[in-house]
Amino acid sequence: MFDTLSERLGSIFDKLTKRGALSESDVNEAMREVRRALIEADVALDVVRSFTDKVRSRAVGQEVIRSVTPGQMVVKIVNDQMVEMLGSDAETIDLNAAAPVPIMLVGLQGSGKTTTTAKIARRLTDREKRKVLIASLDTRRPAAQEQLKILGEQAGIDTLPIVAGQMPVDIGKRALSAARLGGYDVVMLDTAGRTHIDESLMAEMAEIRRTTNPHEILLVADALTGQDAVNVAKSFNDRVGITGIVLTRVDGDGRGGAALSMRAVTEKPIKLIGVGERLDALEEFDPKRIAGRILG
Ligand code: GDP
């Protein structure tokens, strides 16, 4: 991910830093090129516009043009602005609530929700030493509940026993009470998806939210779907309300636009990234490190 964007920006910055002096029109020209590179990387248009406007005004407004190394200063401004666009500080899952802390995962079918549920459960068990119960509220896809059970067994995480024919909201309530009775610290609720956003999905998510009152609602979105992932995030955020994002398939060969736009469009942090199919392929999303990776 980010390879093409990184190369494009690298060559724009090479040109800038090689010059001794920069005029305002040099900066404007460089910003036009940055703008084009971001659009081609699938970054949402509004985000691109606001990004380049901010960089341009800082670059022209500061003493950049008259400084000894103007190109390097522009590169630093771009870096700072990119870190800001990505959310500035790394944010982790918030467990600061009475146990069992309910965490709900939402997202389209195939985005990686079930896998991510098991990955996060594993992480909270290993790193935070929490006792985690996972439950699948997906009654749509025939084998969804069994899939989570198998993943739970692989990960050494307890899953809520399956009761055939139970509705999602009732499974949610049962998960909460089982977590309470079993002395769990965290209860994770994996939910159903659809191939596209639709009203019945949103209504189901809103109802689960109302009845289980999750402390975190994490949207799981596929980074490879680019702009589409951003639209999905906007819909879930507007309709259900999310507290954070987990971006999956960041190990894939995507252009990176979703990763770069999500925070700005939803104003919700990307908390974790999935970087492979294995249960340990989950990393913290650190804006400074990601910006460093893109800007070299
Ligand atoms: P769900 O329908 O949203 O529950 O999606 P699943 O959890 O079943 O995931 C669908 C497929 O994506 C599975 O084959 C996963 O192994 C795969 N997957 C999930 N996360 C990642 C990731 O971060 N990287 C890669 N390469 N594959 C992933």
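This is a predicted model: local features need pLDDT of at least 70, side-chain atom pairs count only at pLDDT 80 or more; totals for chains, interfaces and linings use all residues.

**Stop 1: α8 and α9**

Select residues 199-212, which form helix α8, and then residues 227-239, helix α9. Their axes lie 10 Å apart and meet at an angle of about 50°. An angle like that is neither roughly parallel (under 35 degrees) nor roughly perpendicular (65 to 115), so α8 and α9 are oblique to each other. Now try out the new word: this crossing is right-handed.

Next, show the side chains at the contact. From α8, pick Glu-199, Leu-201, Met-202, Ala-203, Met-205 and Ala-206; from α9, pick Ser-235, Phe-236 and Arg-239. Color them by class and you get 6 nonpolar, 1 polar and 2 charged residues.

**Stop 2: α4 and α11**

Now jump to helix α4 (residues 70-86) and helix α11 (residues 287-295). How do their axes cross? At roughly 135°, coming within 9 Å. This pair is therefore oblique as well, and its crossing is right-handed.

To see who's touching, select Val-78, Asn-79, Met-82, Val-83 and Leu-86 on α4, plus Pro-287, Lys-288, Ile-290, Ala-291, Ile-294 and Leu-295 on α11. That contact divides into 9 nonpolar residues, 1 polar and 1 charged.

**Stop 3: the empty spaces**

Time to look for holes. Rolling a probe the size of a water molecule over the atoms shows where empty space is left. How many cavities of 30 Å³ or more does the structure hold? There are 2.

The largest cavity has about 70 Å³ of space. Its lining includes Ile-134, Gln-145, Leu-148, Thr-159, Pro-161 and Arg-174. Select β2 (132-136), α6 (144-155) and α7 (168-181) too: these elements each give two or more residues to the lining. By class, the lining has 7 nonpolar, 3 polar and 2 charged residues.

For the second largest cavity, with about 30 Å³ of space, select Leu-86, Gly-87, Asp-89, Glu-91, Arg-263, Pro-269, Ile-270 and Phe-285.

Conventions
Residues are numbered from 1 along each chain as its sequence is written. Side-chain values use heavy atoms; hydrogens and water are left out. Axes are lines fitted to C-alpha atoms, for helices over the stretch in contact, and angles run from 0 to 180 degrees between N-to-C directions. Helices (H or I, at least four residues) and strands (E, at least two) are DSSP runs, numbered from the N terminus. Angles under 35 degrees count as roughly parallel, over 145 as roughly antiparallel, 65 to 115 as roughly perpendicular and the rest as oblique. A crossing is left-handed if the near helix is turned anticlockwise from the far one by less than a right angle, and right-handed if clockwise. Contact means heavy atoms within 4.5 Å. Ala, Val, Leu, Ile, Met, Phe, Trp, Tyr, Cys and Pro count as nonpolar, Asp, Glu, Lys and Arg as charged, and the others, Gly among them, as polar. On a 1 Å grid over the protein atoms alone, a cavity is a set of points where a 1.4 Å probe fits but cannot get out, and a pocket is an open set with protein on both sides within 12 Å along at least five of seven lines; lining residues have an atom within 4 Å of a point. Grid points are joined across faces, edges and corners, and a volume is the space filled by probe spheres set on the points.
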